[in-house]
Amino acid sequence: MKLAAAALSIGILTASLSTQSGNAQSTPATKPEFDVASVKQNKSSDPPFANMPLGPGAVYTPNGGFFSAKNLPLITYIAFAWKISGGDFQYLRPQLPEWVLSDRFDIQARAEGNPDKDTMRLMMRSLLADRFKLALRNENREIPVSAFVLITPGKTGPRLKPHTADTDCPRNNDPAAPPPTSIATVPGGFPAMCGGIFAMPAEASGHRRIAARDITMAFLARSLPTTETNRPLVDRTGLTDTVDFILEWAPVRNIPVAPGAEPEPETEPAGPTFQEALAKQLGIRLESQKAPMDVLVLDHIEHLSEN
């Protein structure tokens, strides 16, 4: 499970996420496919690898239609194909067999021409349907959510500010942009690349720090980890302009349990909790609400059929 979570983060937080990313989407009638593809189970201890960001964003340097990823759980490929972010993953996770998060796979695939990232996603959907008999669909359901609300109407915290349009802001497909996995910064500690959320070096050991420039509040809410709230996050701040932000908090951690021992309570984080960081750094509180949301529903999946 830990490897699955780490591998999923390759796409969701350690790689840039585009502000134009939508929620999970249904596959259209036309189904692009890779020309050739190899899918194999990987039982090694090699580190996970992907030749492009696998999160729900558009940050991508065209590479001639070549997709290469190794030692990643199937959920990472599903997340790539359907642009799955935090809330989407939380809803889909209980429907999945455990092997989708634990068993790891290598995928090497190639398509003619130089397809864009969204086309590569659709090709991945076709490949997963072929090799894993994967069938997903969207449904609109009213579910419990945690809503972003400004603590003081019209006022944000010190680490959340409107994006200044005249700042240098390289992004997707810009030859001057840094690599998608870059954590280069500009003054203020913000990432050099705009349009996405990046994992950044934290100020304190054990903390988690993320930052972005020129993203919407809706995208920020949709992309933050729901492990800290146990609910999907939605934006109700009323902020319509794009923003820059930095957020650092101390994740709650589980104490390791020895075989046969009783589980101990979760450790108190040495630093601000997720909700404390939202309040002090961004000026945001969480409010329990219900909201209609598009969610992914699993109809069918089978273990790998290699061919």
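Pro-162 is exposed, with 56% relative accessible area; exposed here means over 50%, buried under 20% and partly exposed in between, using a 1.4 Å probe and protein chains only. The residue sits in strand β6, residues 160-162. Helices (H or I, at least four residues) and strands (E, at least two) are DSSP runs numbered from the N terminus. Beyond its neighbours within four places in sequence, Pro-162 is in contact with Thr-242, Val-243 and Asp-244, contact being heavy atoms within 4.5 Å. Asp-241 is 79 residues from Pro-162 in sequence, and the two C-alpha atoms are 6.6 Å apart.

The model is predicted, so local features need pLDDT of at least 70 and side-chain atom pairs count only at pLDDT 80 or more, while totals for chains, interfaces and linings use all residues. Residues are numbered from 1 along each chain as its sequence is written, and side-chain values use heavy atoms, with hydrogens and water left out.

**Helix α5**

Twelve of the 16 residues of α5 are buried, so the helix is largely enclosed by the rest of the structure. Among the buried residues are Lys-117, Arg-121, Arg-125 and Arg-131, as well as Met-120, Leu-127 and Phe-132. The buried residues of α5 pack against strands β1 (36-42), β3 (66-73) and β4, and against helices α2 (74-82) and α4 (99-102). At 1.5 Å a residue, α5 should span 22 Å, and its end C-alpha atoms are 22 Å apart, which agrees; the expected span is 1.5 Å times one less than the number of residues. Lys-133 follows α5 and has a positive phi, near 55 degrees.

**Aromatic pairs**

Seven aromatic pairs are found in a search of the whole structure. Rings of Phe, Tyr and Trp (its six-membered ring) pair if their centres lie within 6.5 Å; planes under 30 degrees apart count as stacked, over 60 as edge-to-face and the rest as tilted. Trp-99 and Phe-105 form an edge-to-face pair, 6.5 Å centre to centre with 75 degrees between the planes. Trp-99 is buried at 17% relative accessible area, and Phe-105 is buried at 0%. Phe-105 also forms an edge-to-face pair with Phe-132, at 5.2 Å centre to centre and 85 degrees between the planes. This pair links distant parts of the chain: Phe-105 is in strand β4 (residues 104-110) and Phe-132 in helix α5 (residues 117-132), 27 residues apart. Elsewhere, ring pairs link Phe-34, Phe-67, Tyr-77 and Phe-80 into a cluster.

**Salt bridges**

The count comes to eleven salt bridges, each being a side-chain nitrogen of Lys or Arg within 4 Å of a carboxyl oxygen of Asp or Glu. Three of them are listed here.

| Asp-118 | Lys-83 | 3.2 Å |

Asp-299 lies in strand β13 (residues 284-300) and Arg-137 in strand β5 (residues 135-150), so their pair ties together parts that are 162 residues apart in sequence. Relative accessible area is 32% for Arg-137, which is partly exposed. Glu-139, at 23%, counts as partly exposed, and Asp-299 as partly exposed at 44%. Arg-137, Glu-139, Arg-141 and Asp-299 are linked in a network of salt bridges.

Asp-118 of helix α5 and Lys-83, in the loop between α2 and α3 (86-92), are 35 residues apart. Asp-118 is partly exposed, with a relative accessible area of 39%, whereas Lys-83 counts as buried at 10%.
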